[in-house]
Amino acid sequence: AHLKRITWLAEHDPLTGCLNRRTWYEQLVQTSGVISDQVNLAVAICDIDFFKKINDTYGHLCGDEALKHFVSVLQEKLEGLGVLGRWGGEEFAIFMVLPSPPSEPIEPLEGACTVLETMRGSIQDAPITWEAQIVHMTMSVGTALYNRADSVGAVLARADEGVYQAKESGRNKVVAIAYLAKT
């Protein structure tokens with residue numbers, strides 16, 4: 001039981017219960033190495049908008065509850081679709097393996113955006129109550145598809161660029177960054 005507990009603590013974020021950055025990243029690298037041509041690997045970085053304001057207005061205990069609530073909502077919407085991890089602070093990372101059957105007319109990146117948009121709306125529509133106050137949250141998301149021609153680091157950089165673009169263009173949105181082939 002002690003070994004099981006120690007292993008869990010080594011692999012998870014103790015506050016939110018989702019995977020920690022190292023474990024999430026290792027699983028992403030492992031998944032990227034075994035995916036077939038019949039699937040696509042989407043990576044997203046989700047950042048809680050104005051999280052510092054929650055801590056400054058309501059205190060860090062409220063901030064902790066907001067983080068746990070945020071993860072709970074994302075995990076509920078992500079159920080079976082992907083893997084969630086705490087990237088750092090108020091940033092969380094997701095990777096999803098999306099099938100790409102020939103009969104599906106939807107682009108893989110568009111499919112990832114649809115799932116992430118549902119999550120974004122769920123966060124927006126699920127405030128928490130803290131000491132009789134309603135605390136609303138939104139998130140900015142950047143997403144990109146893994147391409148076998150580049151590295152996991154490159155897809156993470158594209159997803160991160162999407163977060164910056166979402167924040168710069170008003171926040172509370174999903175921005176997809178397409179792979180650009182080097183010429």
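## Cores, a buried strand and salt bridges

The largest nonpolar core of this predicted model has 36 residues, and Phe70, Ile94 and Met96 are those with the most contacts inside it. A nonpolar core here is a set of buried Ala, Val, Leu, Ile, Met, Phe, Trp, Tyr and Cys residues joined through side-chain atoms within 4.5 Å. Buried means under 20% relative accessible area, exposed means over 50%, and partly exposed lies in between (1.4 Å probe, protein chains only). At least two residues of this core come from each of strand S1 (39–48), helix H3 (51–58), helix H4 (60–78), strand S3 (91–99), H5, strand S4 (128–130) and S6. H4 gives the most, with 8 residues. Helices (H or I, at least four residues) and strands (E, at least two) are DSSP runs, numbered from the N terminus.

What does Phe70 touch? Leaving out residues up to four places away in sequence, Phe70 touches Cys46, Ile48, Phe92, Ile123, Met137 and Met139; contact means heavy atoms within 4.5 Å. A second, separate core of 19 residues includes Trp24, Ile35, Val39 and Val163.

A few notes on reading the model: it is predicted, so local features need pLDDT of at least 70 and side-chain atom pairs count only at pLDDT 80 or more, while totals for chains, interfaces and linings use all residues. Residues are numbered from 1 along each chain as its sequence is written, and side-chain values use heavy atoms, with hydrogens and water left out.

### Strand S6

Now look at S6. Because 7 of its 7 residues are buried, S6 is largely enclosed by the rest of the structure. Met139, Val141, Thr143 and Leu145 are buried on one side, and Ser140, Gly142 and Ala144 are buried on the other.

Which strands are the neighbours of S6? Strands pair if DSSP finds at least two bridges between them. S1 pairs with S6 in the antiparallel sense over 7 bridges, and Val43 stands opposite Ala144. Strand S7 (residues 174–176) runs parallel to S6, joined to it by 3 bridges, with Val175 as the bridge partner of Gly142.

Take Val141 as an example. This residue lies in strand S6 (residues 139–145) and is buried, with a relative accessible area of 0%. Among the residues that Val141 touches, not counting those up to four places away in sequence, are Ala44, Leu116, Val163 and Val175. Val141 and Ile48 are 93 residues apart in sequence, yet 8.8 Å apart in space, C-alpha to C-alpha.

### Salt bridges

Side chains of opposite charge can pair when their charged atoms come close. A salt bridge is a side-chain nitrogen of Lys or Arg within 4 Å of a carboxyl oxygen of Asp or Glu. The count by this rule comes to 8 salt bridges, and the table gives some of them.

| Pair | N to O distance |
|---|---|
| Asp13 and Arg86 | 3.1 Å |
| Arg22 and Glu26 | 3.6 Å |
| Arg120 and Glu117 | 2.5 Å |

Where do Asp13 and Arg86 lie in the chain? Asp13 is in the loop between helix H1 (2–11) and helix H2 (21–32), whereas Arg86 is in strand S2 (residues 82–88), 73 residues apart, so the pair links distant parts of the chain. Asp13 counts as buried at 11% relative accessibility, and Arg86 counts as buried at 15%.

Arg22 and Glu26 both lie in helix H2, 4 residues apart, about one turn of the helix. Arg22 is partly exposed at 43%, and Glu26 is partly exposed with a relative accessible area of 43%.
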